[in-house]
Amino acid sequence: LALMTLSGCKLAEVFNLSGNQSTMVTEGPVAATQWKLFMVTVYVTTFIFVVVGAVLAYTQIRFRAKDEAAEKSEPPPQGHGNPLIEIGLIAASVGLLVIIAIPTVRDIWYTHDVPEEEKGRAIDVTATGYQWWFKFEYPNEMVKLPAGGEAPLVTGNELVVPAGRPVRVHLRTIDVIHSFWIPKLAGKVDMMPNRANFLWFKANKPGYFYGQCAEYCGESHAIMKFRVIALDQADYDKWLANQKLPARTVNAQAAAPAEQPRVQFAALNLRDGRALAASPEFDANPFAAWKKMQEPEAGENAALVAQGRKLFQEKTCVSCHTVRGHEGMGITGPDLTRVGARSTIAAGVLENTSERLSQWL
């Protein structure tokens, strides 16, 4: 009972449950509201458990057969019961349900949509689930296409938002049922075929948050992850302006390098937890690692970049992927424009390093 009076953060610390996808550590008003409602239910059901358990224990001890003669004696006369006690128990049950129902209805109303007073500050994002990755589209942020015209800004597996502002996420699926879940920011909502769903959340402060598909959607469901990166408004505006530009063109200034040694995919054992882990530096501060990746590395190998672009053109990459401003019109795979600035690859499973990218390819 003493533990039940602790806050979610305290419980997470006591039981070491404050991991990347802990629902006990809330970083936004929607998640905090859902956690508080959960704890109300825990308090009520714990009270019921204690009372019923105490009465049951008392009756078992008080009315047990105390000797062999008592065990063989006839049962006492059976009666209907006490009407006052029965009515009292019904009234108590209704009262306990009301205690749960009132905050439940209130919180359903609150989490249904962005509060009226904040709707003017909300941004809209369309999240589409694929087997097995997430596409994020910003319908109000348009980018110019090389062939002319405009289209909404699109990213893959990393949703970047401004901290302190509501985000309304329109949930869609291109194939089966998926479920959109950012444990520290908002609860699960399903992505249903032929049905429009949505949720909203707000990050209290800048940070790096882990998301997951929470509905079994096929053989790779367990590793269908994504990230939410919340930035200060100034940093978000800078990120947005950078994302709207076409992909950089790097001019080769030297002969193409020799062919790189092939890394066998067998070296990447997806059943090995270590293979899925990031580097210690990334694990220690993924938000800082993400920020560092937003600028091209100094001293990049221009010839190697040019060779990579040539391979992207010659291979079948362009049939599934797009690099805006360069090549490709594919829509079945993630948009790879500025993929080097994303902290993860393989639907959030692997850290985006040269070694991991080579293994994944």
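1. A contact here means heavy atoms within 4.5 Å. With that in mind, have a look at Trp-239 in this predicted model: leaving aside residues up to four places away in sequence, Trp-239 touches Tyr-138, Leu-153, Thr-155, Val-160, Leu-231, Trp-290 and Gln-294.

2. Trp-239 also belongs to the largest nonpolar core, which has 46 residues. Phe-180, Phe-201, Val-228 and Trp-239 are the members with the most contacts inside this core. Strand β10 (residues 225-231) supplies its largest share, five residues.

3. On to the aromatic rings: the whole structure contains 13 aromatic pairs. In one of them, Tyr-110 and Trp-200 have ring centres 5.6 Å apart and planes at 70°, so this pair is edge-to-face. The pair links distant parts of the chain, since Tyr-110 lies in helix α4 (residues 83-112) and Trp-200 in strand β8 (residues 197-201), 90 residues apart. Tyr-110 is partly exposed at 28% relative accessibility, whereas Trp-200 is buried at 1%.

4. Phe-134, Phe-136, Phe-180 and Phe-226 form a cluster linked by ring pairs. Elsewhere on your list of rings to view, Trp-181 has the charged end of Lys-188 over its ring, 4.6 Å from the centre.

5. If you are setting up cysteines, how many disulfides does the structure hold? The count is zero. The sulfur of Cys-213 has its closest cysteine sulfur in Cys-217, 3.8 Å away; a disulfide needs the two within 2.5 Å, so this is too far for a bond. Cys-213 is buried, with a relative accessible area of 1%. For Cys-320, the closest cysteine sulfur is in Cys-317 at 8.7 Å, again too far for a bond. Cys-320 is partly exposed, at 32% relative accessibility.

Methods:
Residues are numbered from 1 along each chain as its sequence is written. This is a predicted model: local features need pLDDT of at least 70, side-chain atom pairs count only at pLDDT 80 or more; totals for chains, interfaces and linings use all residues. Side-chain values use heavy atoms; hydrogens and water are left out. A nonpolar core is a set of buried Ala, Val, Leu, Ile, Met, Phe, Trp, Tyr and Cys residues joined through side-chain atoms within 4.5 Å. Buried means under 20% relative accessible area, exposed over 50%, partly exposed in between (1.4 Å probe, protein chains only). Helices (H or I, at least four residues) and strands (E, at least two) are DSSP runs, numbered from the N terminus. Rings of Phe, Tyr and Trp (its six-membered ring) pair if their centres lie within 6.5 Å; planes under 30 degrees apart count as stacked, over 60 as edge-to-face and the rest as tilted. A charge sits over a ring if NZ of Lys or CZ of Arg is within 6 Å of the ring centre and within 35 degrees of the ring normal.
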